[in-house]
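Let us take a walk through a protein chain together. Have the sequence and the 3D view ready, and look up each residue as it comes along.

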Amino acid sequence: MIAESVNPLAITRDTWLDVGTKAGVPAIEVEVVCSDPAEHRHRVTSRSIDIPDLPLPDWQQALNHDYDPWDRDHVIVDTAGQDRQGSLASLIGHLDHFIPARHDPGQQ
């Protein structure tokens, strides 16, 4: 199960974690950040939308957004200086530590 959403508040993170627990599936929390302020600002201010009339926050609104600090272990993927493929590779590398290796019947 993969659930993707903005979870700036601890209560929403707790709720998604509870969904995984109740479903009996592993839950790995991932925080995606962009540690380069200039790159982050460019991404926020140059986004395009595919949902008609969806208002996007400007840079100041993005900075002012409520964001609770994380209080438990989670994966952090820093997208600064990476394209989508690089960020995905980083995520997969992190997840390899959490997901048990699958047995390949062709290997002895």
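The paragraphs below go from a residue before a helix, to a network of charged side chains, and then to another helix.

A few ground rules come before the tour. This is a predicted model, in which local features need pLDDT of at least 70 and side-chain atom pairs count only at pLDDT 80 or more, while totals for chains, interfaces and linings use all residues. Residues are numbered from 1 along each chain as its sequence is written, and side-chain values use heavy atoms, with hydrogens and water left out.

Start with N7, which sits in the segment before helix α1, residues 10-23. Helices here are DSSP runs of H or I with at least four residues, strands are runs of E with at least two, and both are numbered from the N terminus. Is N7 buried or exposed? N7 has a relative accessible area of 19%, so it counts as buried. The scale works like this: buried means under 20% relative accessible area, exposed means over 50%, and partly exposed lies in between, using a 1.4 Å probe and protein chains only. Setting aside neighbours within four places in sequence, N7 is in contact (heavy atoms within 4.5 Å) with T12, R13 and W16. With T12, the side chain of N7 also makes a side-chain polar contact at 3.2 Å. A polar contact is a pair of N or O atoms within 3.5 Å; within protein, one must be able to donate a hydrogen and the other to accept it, and residues adjacent in sequence count only if both atoms are side-chain atoms.

Now move on to E29, in the loop between α1 and strand β1 (30-33). E29 is buried as well, with a relative accessible area of 14%. Although E29 and V75 are 46 residues apart in sequence, their C-alpha atoms are 6.1 Å apart in space. Beyond its neighbours within four places in sequence, E29 has contacts that include R13, L17, W70 and H74.

Next come the charges. Side chains of opposite charge can pair when their charged atoms come close. A salt bridge is a side-chain nitrogen of Lys or Arg within 4 Å of a carboxyl oxygen of Asp or Glu, and the count comes to five. E29 forms one with R72, where the closest N and O atoms are 2.6 Å apart. Because E29 lies in the loop between α1 and β1 and R72 in the loop between α3 and β2, this pair ties together parts that are 43 residues apart in sequence.

Which other residues pair with R72? One is D14, with the closest N and O atoms 2.8 Å apart. This pair also links distant parts of the chain, as D14 is in helix α1, 58 residues from R72. Another is D71, at 4.0 Å between the closest N and O atoms. Together, D14, E29, D71 and R72 are linked in a network of salt bridges.

At the start of α4, a side-chain oxygen of D83 comes to within 3.2 Å of the backbone nitrogen of Q85.
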